[in-house]
Amino acid sequence: MPGIWTSTLVKLALALVAGGLIGWIYDQPALGMLVVALAALGWHLYNLYRLERWLTTGLTADIPDGDGVWPPVFARIQFIKTKAKRRGKRFRRLVKELRASAEAFPDGGVILDAQHEILNYNAAARQLLELKLRGDRGQRIENLLRHPDFVDYLRSPGGRPAVEIPSPAGGDAWLSCRLIPYGPGQTLLLIRDISQRVKMERVRRDFVANASHELRTPLTVIMGYLDTLGEDPEQPPAWQQPVRVMQEQVQRMFRLVEDLLQLSRLESGQPVAKDRVVNVAGLIELARRDAQSVPGFGGQIGVQVNSDLNLLGEETELQSVVSNLVANAVRYTPAEGSITISWNTDQDGGHLAVVDTGIGMSEADIPRVTERFYRADGGRARQSGGTGLGLSIVKYALRRHDADLEIRSKLGQGSSFICHFPRDRLALS
Ligand code: ADP
């Protein structure tokens, strides 16, 4: 390229000199040079015109021929265009591949903008949400997924990884919806069909509920006969101990069956209505009295009711929450320890706490104790007479009241179980 510039400049200089000489013959050297300069300018203008024409055709016409600096300029433009074309082709292929893989994805994906309007979606989303190819782009997702749990999650995802809702398509279908923010103001809504899992859970729940229900009658009959045997004054002394052990074990099985039945009722239920006021002080007093009458319990249970507000919900379920927490505190606190039940309200809602100075539990056990049959200290907890279902019952009963259970505990120092109720579950009187 620099060589071309040199030869072009040399040619121009020679042409100017030649023009000057010819002009000098006619006593007009300047005019001669001016004519040459104008001719050079005209030639370059002509080439610029050809370049402009060529660019207007989108470089589809043949590359213009020429002389001097122009052929390399044309060639460079052609080269840049070919490169851009190749890059564009590669980019289009990549987009196509990405689109094909998104289409092949078994889970639904919907891209939402900051206003939750649908920008794009894949084939699985189209099928799961029954989206129409054209009509639903630009629609707000709440218009298609109207379930209150989803709308709440969309407004404030909080720490929740996903929500599970019945499919808008109806039937027995269930969907798991997960929001993943990405890009400026955009969100990817991942939708998974969980109908099979929900169905299996329902089958399991129904099986446990039916089996527990069926066990109740034979257990009642056995318990009746054992009671009669136990009260028989003519009972041989050698039978007394085995009959007492059998009575204890049957009672334990009965408690287990009752807890399993209660748990399956709570698990399958929807949130409890807010139309009944439950007196919190009454719940606490009943739980305290029951716990205090547990044989062998010698400690004291302190009560602090610091609010006049009460709860909206189902009394039997809330009673079960308080009674299970207090029964556990009694079970896992030695006689010299202390137990306090308190009720407070603030701008966040209501807080019902059962605090003990008992055996406590390790940090690793805390997230697991609300699982069915999980025991922090296996042998000891089983001996204490619990069914291993108390905290699961508490968890599900609280969930039906939109409440959370917070557990704080230190091994050997005691535990605090705090039920946090939202403000809209509080009621005067
Ligand atoms: P359980 O009938 O065995 O008490 P729960 O579901 O009520 O079953 O409790 C699960 C486990 O959590 C218990 O086995 C026990 O290890 C632990 N736990 C519950 N409450 C307390 C407490 N107040 N202090 C120490 N550990 C507790």
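Start by selecting helix H11 (390-399) and then show what packs over it: the cover on its buried residues includes H7, H9, E11 and E12. Helices here are DSSP runs of H or I with at least four residues, strands are DSSP runs of E with at least two, and both are numbered from the N terminus. Contact, here and below, means heavy atoms within 4.5 Å. This is a predicted model, where local features need pLDDT of at least 70 and side-chain atom pairs count only at pLDDT 80 or more, while totals for chains, interfaces and linings use all residues. Residues are numbered from 1 along each chain as its sequence is written, and side-chain values use heavy atoms, with hydrogens and water left out.

Stay on H11 and colour Gly-390, Leu-391, Ser-392, Ile-393, Val-394, Tyr-396, Ala-397 and Leu-398, which are buried. Buried means under 20% relative accessible area, exposed means over 50%, and partly exposed is in between (1.4 Å probe, protein chains only). Because 8 of the 10 residues of H11 are buried, the helix is largely enclosed by the rest of the structure.

**The domains**

Next, colour the chain by domain: domain 1 (3-100), domain 2 (105-193), domain 3 (197-268) and domain 4 (277-427). These bounds come from an automatic or database domain assignment.

**The largest core**

Now select Ile-301, Leu-325, Val-326, Trp-343, Leu-352, Val-354 and Phe-421, the residues with the most contacts inside the largest nonpolar core, which has 40 residues. Such a core is a set of buried Ala, Val, Leu, Ile, Met, Phe, Trp, Tyr and Cys residues joined through side-chain atoms within 4.5 Å. At least two of its residues come from each of helix H7 (237-268), helix H8 (280-292), helix H9 (315-331), strand E9 (339-346), strand E10 (349-356), helix H11 (390-399) and strand E12 (414-422). H9 supplies the largest share, 7 residues. Domain 3 (197-268) and domain 4 (277-427) both contribute residues, so this core lies between them.

Zoom in on Phe-421. Neighbours within four places in sequence aside, its contacts include Leu-311, Leu-318, Trp-343, Leu-352, Leu-398 and His-401.

**A second core, and Leu-154**

Move to Val-110, Leu-112, Leu-179 and Ile-191, which belong to a second, separate core of 21 residues. Then pick Leu-154, in helix H5. Leu-154 has a relative accessible area of 5%, so it counts as buried. Beyond its neighbours within four places in sequence, Leu-154 is in contact with Leu-112, His-116, Ile-141, Glu-142 and Leu-179.

Which residues lie nearest the centre of the largest pocket? Select Asp-149, Glu-164, Glu-267, Tyr-396 and Arg-399, which hold that place among its 41 lining residues. On a 1 Å grid over the protein atoms alone, a pocket is an open set of points where a 1.4 Å probe fits, with protein on both sides within 12 Å along at least five of seven lines, and lining residues have an atom within 4 Å of a point. The space in this pocket is about 1600 Å³, a volume being the space filled by probe spheres set on grid points joined across faces, edges and corners. H6 gives the most to the lining, with 6 residues. By type, the lining of the largest pocket divides into 17 nonpolar, 6 polar and 18 charged residues. Ala, Val, Leu, Ile, Met, Phe, Trp, Tyr, Cys and Pro count as nonpolar, Asp, Glu, Lys and Arg as charged, and the others, Gly among them, as polar.

For the second largest pocket, of about 1100 Å³, select Asn-324, Ala-327, Asn-328, Arg-331 and Gly-386, which lie nearest its centre. H9 gives the most to this lining, with 11 residues. Domain 3 (197-268) and domain 4 (277-427) both line the second largest pocket, so it lies between them.

**Two backbone stops**

Finish with Asp-27, in the loop between helix H1 (2-25) and helix H2 (29-56). Its phi is near 65°, a positive value in a residue other than glycine, and at 63% relative accessibility Asp-27 counts as exposed. Phe-373, in the loop between E10 and H10, also has phi near 65°; at 38% relative accessibility, Phe-373 counts as partly exposed.
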